[in-house]
Every structure is written in C-alpha cells, then in structure tokens.
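Welcome to my notebook. I went through this structure one spot at a time and wrote down what I looked up.

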Amino acid sequence: MHTPGFLLIGGPTVLFDCGELRWISDPTFDPPTDYGLLRKTQGPAVEVDDLGPIDVALISHHDHRDNLDTLGLHVARGARHAVSPHHATAVVGEHAFGLAAGEHLVIGGVTIHAVPAIHGPEDGARDERGFVNCEVIGFVLESDTQRLYISGDNTSMDIVRDIAERFGPCDGAIIHAGRASVPSKFAGQPLSMTGAQAAQAATILRARQVVVVHNTQWVHFTEGPDDTYRAFVEAGVGDVLDTTPLGQWGTWRPNPSD
Ligand SMILES: [Zn+2]
C-alpha cells in the first residue's frame, strides 16, 4: 500500500495525501517560461500525464503565474474538486468551491479551513478589497488522524500565531518561503516568508514536520533550499524540516500517539 506522503513538484506545488484523498496545492506545470514580470527557469519535476487522479486542487490565489500557471489551471480543472478564494472560482471552473478566510467546508471526511494570509509587508498598501498585493488564503486540513497547514503566500507571523492558537499543533506544514521579491512591488520587500520566518513558523505551529516550497524554479525567489535549511538549523529546528528532493515521494511522519 502507498504510505501517505507528499511529492514536491517545484515552485509552490505539492501533490499529497490527507485522509483518504489525493490533493494538489497551487498547481504549476508550465515549462520554463518568461511571463514578463515573472520568469520560470525550470519545468515541473513530475509531468502532468504522470500525476494520476486528483481529488482536490487547492488554490491559494489565482492572480500570479507562480501560483497557478497555464498547465496548472488545466490540472486544477481536471481534479474532482477545487477550492479557491471566491473570486477565483469563475476562472478555476464550475467544480470549484469558493472560500474566504474563516470559512470552511468538508470534502470526503476532511475539513478544509480557509485561513488568512498576507502576501507582502503587513503595512503595505491595501487594494480596493482590503488586501495587501491580492487576496490569498491559506488552508488548514483536518482529517481523523492529521492536521496539515498550507500557508499560501504569507509573510505574517501574527497570522501563524493566530492559526496555532485556534487549531493547536500541526502534524505537518507546507510553508511557502523563498523570500519572493519583485522590484516593482513594495520596493522589493518580501512577498513570501524568508527561511528564518519559515523556521519561526515551524516553532510557533509546533509542527512535527515541515515541507518548505515556493523556493525553487523562479527567478524572483531570492532564497533557495540551502538558505532554508541553514535557517532551520540556526533556529534549532533542523530536525523538523523535510529534505526529500523534488520529484521523490516523502512520507508524513506518523503521529507518535497513534
Ligand atoms: Zn502570489
């Protein structure tokens, strides 16, 4: 039997198991492409044709190509269900459920909580809908045996603290780091967590295992996996960082109380 786990595909994209379901988060599958503002330098570690059936595609935001690209949208549309911010459902497809931070829904016995995320400096200018950069949601998934946090593009440690307080310790966390930076946005200030912040988040969440994504394959990710690893070791949480390479299945660490 397949041991429940996860497969890093590159950028923010992870194929993973939770409950009885197969999930994908922020699907990106385009080959190396220059999109103008953003440039992708490597293709996915797994091709679309090799993915197999997907139960749920989670989309933190559809506005940016490094979170949802052309082939990624095709994958999201091919999943049985998709979950995204409300205003993204029109793009993602008729099978998409919209969620705003604070809302939840249940699919196949797994509760999907949408949680807030701030995609830039906390004091950054807000758009007309009140969001820094754009609306982004993170996710907390709760199955019978596992609690997973998927951060989406977020820089706010206060949000992570609120999530830890509300939900309790995480079994696993998929954290978008890479210290994304684009000169034209907020004067190049980080749009996603640094490795040091991801390590801090791991501590706050009391996470047993952390998978850091959103730090490969794109020019605007200014910190890579080596920076992330160093930051976790320096923060004294090197043991919770999973280092399974892109394109290989890692396994969720079993709950010691099970
Ligand atoms: Zn983004």
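Predicted model: local features only at pLDDT ≥ 70, side-chain atom pairs only at ≥ 80, totals over all residues.

**Entry 1: a glycine in a loop**

I began with Gly152, which is buried, with a relative accessible area of 1%. I found Gly152 in the loop between β12 (147-150) and α3 (157-167). Next I asked which residues Gly152 is in contact with, leaving aside its neighbours within four places in sequence. My list reads Ser60, Val136, Ile137, Gly138 and His176. I also looked up the C-alpha atoms of Gly152 and Ser192: they are separated by 8.6 Å, and the two residues are 40 apart along the chain.

**Entry 2: an alanine in another loop**

Then I turned to Ala180, in the loop between β13 (172-176) and α4. Is Ala180 buried or exposed? It is buried, because its relative accessible area is 1% and the cut-off for buried is under 20%. Setting aside residues up to four places away in sequence, I saw that Ala180 touches Gln189, Pro190, Leu191 and Ser192, and also His214, His220 and Phe221. From Ala180 to Val211, 31 residues along the chain, I noted a C-alpha separation of 17 Å.

Phe186 lies in the loop between β13 and α4, and its phi is near 50°, a positive value in a residue other than glycine. Ala187 is found in the loop between β13 and α4 as well. Ala187 is not a glycine either, yet its phi is positive, at about 55°. I wrote down that Ala187 counts as exposed, at 74% relative accessibility.

**Entry 3: the zinc ion**

What are the protein donors of the zinc ion? I found His61 (NE2), His64 (ND1) and His119 (NE2), lying 2.1 to 2.2 Å from the zinc ion. Along the chain, these donors follow the spacing H-x2-H-x54-H. I traced two of them to their places: His61 sits in the loop between β6 (56-58) and α1 (70-78), and His119 in the loop between β10 (110-116) and β11 (137-142), so this pair ties together parts that are 58 residues apart in sequence. I checked burial too, and both His61 and His119 are buried.

**Entry 4: aromatic pairs**

How many aromatic pairs are there? The count comes to three, and I followed up two of them here. Phe6 and Trp252 form a tilted pair, 4.7 Å centre to centre and with 50° between the planes. This pair links distant parts of the chain: Phe6 is in strand β1 (residues 5-10) and Trp252 in the segment after β15 (249-251), 246 residues apart. Phe6 and Trp252 are both buried.

The other pair I looked up is Tyr35 with Trp218. Their ring centres are 5.6 Å apart and their planes lie at 20°, so the pair is stacked; the cut-off for stacked is under 30 degrees. Tyr35 belongs to the loop between β4 (33-34) and β5 (39-40), and Trp218 to the loop between β14 (209-213) and α5 (225-234), which puts them 183 residues apart.

**Entry 5: helix α4 and its neighbours**

I finished with helix α4 (residues 195-204), whose axis comes within 8 Å of that of α5 and crosses it at roughly 45°. That makes α4 oblique to α5, and the crossing is right-handed. For the contact, I listed Gly195, Ala196, Ala198, Ala199 and Ala202 in α4, which meet Thr228, Ala231 and Phe232 in α5.

How do the axes of α3 and α4 cross? They come within 9 Å and cross at roughly 20°, so α3 is roughly parallel to α4. This crossing is right-handed. Met157, Val160, Arg161 and Ala164 of α3 make the contact with Gln197, Gln200, Ala201 and Ile204 of α4.

Which residues in α4 are buried? I noted Gly195, Ala198, Ala199, Ala201, Ala202 and Ile204. The buried residues of α4 pack against α3, β13, β14 and α5.

Definitions and conventions: Residues numbered from 1 in each chain as written. Heavy atoms only, no water. Donors = N, O, S within 2.8 Å, 3.2 Å for Na, K, Ca; no water. Helix = DSSP H or I, 4+ residues; strand = E, 2+ residues; numbered from the N terminus. Buried < 20%, exposed > 50% of the residue type's maximum accessible area, 1.4 Å probe, protein only. Phe/Tyr/Trp six-rings, centres within 6.5 Å; stacked < 30°, edge-to-face > 60°. Axes fitted to C-alpha atoms, helices over the stretch in contact; angles between N-to-C directions. Parallel < 35°, antiparallel > 145°, perpendicular 65-115°, else oblique. Left-handed = near helix turned anticlockwise from the far one by under 90°. Contact = heavy atoms within 4.5 Å.
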